[in-house]
Amino acid sequence: MIRNCNSCSYIRRHLGKAALEGFKDVDGTSRIMVFYPEDGVSPMQKRQMTTQEGSNVNVCAIKGNFDDAQTGVKTIFTSDEIKNILDENKMMFSSANSINWGRLAPQIVYYISTYAQAVKDEEIVPGDKINVCVPTGNFGNILAAYFAKENGNSALANLFAHLMRITFSQTS
(Lines give C-alpha, C1' and ligand atoms only; values in the text may rest on other atoms or scores of the structure.)
Protein backbone atom coordinates (compact mmCIF):
# COMPACT_ATOMS: atom_id res chain seq x y z
CA MET A 1 0.00 0.00 0.00
CA ILE A 2 1.47 3.35 -1.03
CA ARG A 3 1.05 6.10 1.51
CA ASN A 4 1.60 9.79 1.21
CA CYS A 5 3.47 11.25 4.14
CA ASN A 6 2.46 14.42 5.94
CA SER A 7 5.12 15.84 8.23
CA CYS A 8 3.78 17.75 11.20
CA SER A 9 6.38 19.49 13.34
CA TYR A 10 6.74 22.08 16.02
CA ILE A 11 9.90 24.11 15.92
CA ARG A 12 12.51 24.90 18.46
CA ARG A 13 14.96 27.55 17.32
CA HIS A 14 16.46 26.61 13.90
CA LEU A 15 14.46 23.51 12.95
CA GLY A 16 11.55 25.21 11.17
CA LYS A 17 13.39 26.53 8.16
CA ALA A 18 15.54 23.39 7.92
CA ALA A 19 12.49 21.08 7.99
CA LEU A 20 10.62 23.17 5.42
CA GLU A 21 13.62 23.25 3.09
CA GLY A 22 14.31 19.55 3.55
CA PHE A 23 10.75 18.46 2.74
CA LYS A 24 9.80 21.01 0.08
CA ASP A 25 8.43 19.33 -3.04
CA VAL A 26 9.82 15.91 -2.01
CA ASP A 27 8.01 13.03 -3.75
CA GLY A 28 5.81 11.15 -1.31
CA THR A 29 5.57 14.08 1.07
CA SER A 30 2.10 15.53 0.60
CA ARG A 31 2.51 18.41 3.01
CA ILE A 32 4.72 19.69 5.75
CA MET A 33 3.23 21.89 8.44
CA VAL A 34 5.48 23.64 10.94
CA PHE A 35 3.95 25.16 14.06
CA TYR A 36 5.82 27.90 15.88
CA PRO A 37 5.04 30.15 18.85
CA GLU A 38 3.97 33.53 17.51
CA ASP A 39 6.19 35.42 19.96
CA GLY A 40 8.86 32.73 20.28
CA VAL A 41 10.95 33.15 17.16
CA SER A 42 13.05 36.01 15.86
CA PRO A 43 11.79 38.20 13.03
CA MET A 44 14.42 36.58 10.76
CA GLN A 45 13.24 33.04 11.61
CA LYS A 46 9.63 34.02 10.98
CA ARG A 47 10.54 35.59 7.63
CA GLN A 48 12.55 32.51 6.60
CA MET A 49 9.63 30.22 7.35
CA THR A 50 6.79 32.35 5.98
CA THR A 51 8.58 32.99 2.69
CA GLN A 52 9.72 29.38 2.17
CA GLU A 53 9.21 28.21 -1.40
CA GLY A 54 7.58 24.87 -2.13
CA SER A 55 4.11 23.75 -3.13
CA ASN A 56 3.72 21.51 -0.08
CA VAL A 57 5.04 23.70 2.75
CA ASN A 58 2.92 25.46 5.38
CA VAL A 59 3.61 27.29 8.62
CA CYS A 60 1.25 28.15 11.43
CA ALA A 61 1.87 30.58 14.28
CA ILE A 62 0.28 29.59 17.58
CA LYS A 63 -0.42 31.55 20.72
CA GLY A 64 1.72 30.04 23.45
CA ASN A 65 5.24 28.68 23.82
CA PHE A 66 7.25 25.79 22.36
CA ASP A 67 5.72 23.34 24.83
CA ASP A 68 2.23 24.35 23.69
CA ALA A 69 3.26 23.72 20.07
CA GLN A 70 4.68 20.30 21.01
CA THR A 71 1.53 19.39 22.93
CA GLY A 72 -0.58 20.33 19.91
CA VAL A 73 1.48 18.16 17.57
CA LYS A 74 1.38 15.22 19.99
CA THR A 75 -2.40 15.62 20.27
CA ILE A 76 -2.72 15.45 16.48
CA PHE A 77 -0.50 12.35 16.35
CA THR A 78 -2.51 10.50 18.98
CA SER A 79 -6.01 11.41 17.77
CA ASP A 80 -7.94 8.29 16.74
CA GLU A 81 -10.20 10.43 14.54
CA ILE A 82 -7.24 11.83 12.61
CA LYS A 83 -5.61 8.38 12.37
CA ASN A 84 -8.82 7.01 10.80
CA ILE A 85 -9.01 9.87 8.28
CA LEU A 86 -5.37 9.31 7.33
CA ASP A 87 -5.91 5.54 6.93
CA GLU A 88 -8.97 6.10 4.73
CA ASN A 89 -6.91 8.37 2.48
CA LYS A 90 -3.79 6.17 2.48
CA MET A 91 -1.81 8.86 4.28
CA MET A 92 0.36 8.98 7.39
CA PHE A 93 2.03 11.47 9.68
CA SER A 94 5.70 11.78 10.39
CA SER A 95 7.68 14.30 12.39
CA ALA A 96 10.97 16.11 11.97
CA ASN A 97 11.27 16.58 15.73
CA SER A 98 13.03 14.61 18.42
CA ILE A 99 9.65 12.99 19.11
CA ASN A 100 10.47 10.89 16.04
CA TRP A 101 12.72 7.81 16.31
CA GLY A 102 14.02 8.66 12.84
CA ARG A 103 15.66 11.69 14.36
CA LEU A 104 16.78 10.12 17.65
CA ALA A 105 18.42 7.03 16.08
CA PRO A 106 21.20 8.95 14.26
CA GLN A 107 21.87 10.99 17.40
CA ILE A 108 22.29 7.76 19.39
CA VAL A 109 24.74 6.47 16.78
CA TYR A 110 26.60 9.80 16.99
CA TYR A 111 27.41 9.28 20.67
CA ILE A 112 28.55 5.70 20.12
CA SER A 113 30.66 6.58 17.07
CA THR A 114 32.19 9.58 18.86
CA TYR A 115 33.34 7.29 21.66
CA ALA A 116 34.71 4.75 19.15
CA GLN A 117 36.58 7.52 17.31
CA ALA A 118 38.13 8.77 20.56
CA VAL A 119 39.36 5.21 21.22
CA LYS A 120 40.70 4.92 17.66
CA ASP A 121 42.49 8.27 18.00
CA GLU A 122 43.98 6.99 21.30
CA GLU A 123 42.46 9.90 23.22
CA ILE A 124 40.93 7.33 25.58
CA VAL A 125 41.20 3.57 26.00
CA PRO A 126 38.27 1.16 25.80
CA GLY A 127 36.33 1.29 29.05
CA ASP A 128 37.29 4.86 29.93
CA LYS A 129 34.31 6.83 31.06
CA ILE A 130 33.55 10.18 29.50
CA ASN A 131 31.21 13.02 30.40
CA VAL A 132 28.69 14.35 27.93
CA CYS A 133 27.49 17.94 28.09
CA VAL A 134 24.75 18.97 25.72
CA PRO A 135 24.62 22.76 25.37
CA THR A 136 21.00 23.04 24.35
CA GLY A 137 17.51 23.40 25.73
CA ASN A 138 16.24 20.59 23.49
CA PHE A 139 15.63 17.37 25.34
CA GLY A 140 16.08 15.12 22.29
CA ASN A 141 19.86 15.36 22.12
CA ILE A 142 20.45 14.47 25.77
CA LEU A 143 17.82 11.73 25.45
CA ALA A 144 19.86 10.22 22.61
CA ALA A 145 22.96 10.25 24.83
CA TYR A 146 20.96 8.54 27.58
CA PHE A 147 19.75 5.83 25.17
CA ALA A 148 23.32 5.31 23.94
CA LYS A 149 24.42 4.84 27.55
CA GLU A 150 21.54 2.51 28.41
CA ASN A 151 22.02 0.40 25.28
CA GLY A 152 25.58 -0.66 25.69
CA ASN A 153 27.86 2.35 25.87
CA SER A 154 28.15 2.41 29.64
CA ALA A 155 31.28 4.51 29.23
CA LEU A 156 29.04 7.58 28.95
CA ALA A 157 29.44 8.09 32.67
CA ASN A 158 27.69 11.35 33.29
CA LEU A 159 25.11 13.12 31.21
CA PHE A 160 24.68 16.82 31.67
CA ALA A 161 22.06 19.02 30.09
CA HIS A 162 23.00 22.66 30.04
CA LEU A 163 20.32 25.34 29.86
CA MET A 164 17.42 22.93 30.34
CA ARG A 165 14.23 24.95 30.17
CA ILE A 166 12.01 25.30 33.20
CA THR A 167 8.63 26.86 32.62
CA PHE A 168 7.24 28.93 35.45
CA SER A 169 3.65 30.05 35.69
CA GLN A 170 3.15 33.49 37.08
CA THR A 171 -0.16 34.28 38.70
CA SER A 172 -1.25 37.70 39.79
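## Basis of the report

Helices (H or I, at least four residues) and strands (E, at least two) are DSSP runs, numbered from the N terminus. The model is predicted: local features need pLDDT of at least 70, side-chain atom pairs count only at pLDDT 80 or more, and totals for chains, interfaces and linings use all residues. Residues are numbered from 1 along each chain as its sequence is written, and side-chain values use heavy atoms, with hydrogens and water left out.

## Asn56

Asn56 sits in the loop that runs between helix 2 (43-50) and strand 3 (57-62). With a relative accessible area of 5%, Asn56 is buried (under 20%; exposed is over 50% and partly exposed in between, for a 1.4 Å probe and protein chains only).

A polar atom of the Asn56 side chain lies 3.1 Å from the backbone oxygen of Phe23. Beyond its neighbours within four places in sequence, Asn56 is in contact (heavy atoms within 4.5 Å) with residues including Phe23, Lys24, Asp25 and Arg31.

## Aromatic pairs

Two aromatic pairs are present in the structure. Rings of Phe, Tyr and Trp (its six-membered ring) pair if their centres lie within 6.5 Å; planes under 30 degrees apart count as stacked, over 60 as edge-to-face and the rest as tilted.

Tyr110 and Tyr111 form an edge-to-face pair, at 5.2 Å centre to centre and with 75 degrees between the planes. Tyr111 is buried, at 9% relative accessible area. The ring centres of Tyr146 and Phe147 are 6.0 Å apart and their planes stand at 55 degrees, so this pair is tilted. Tyr146 is partly exposed, with a relative accessible area of 40%.

## Asp128

Asp128 belongs to the loop between helix 5 (101-120) and strand 5 (130-135), and is partly exposed at 29% relative accessible area. Its C-alpha atom is separated by 9.5 Å from that of Tyr115, 13 residues apart along the chain.

Definitions and conventions. A polar contact is a pair of N or O atoms within 3.5 Å; within protein, one must be able to donate a hydrogen and the other to accept it, and residues adjacent in sequence count only if both atoms are side-chain atoms.
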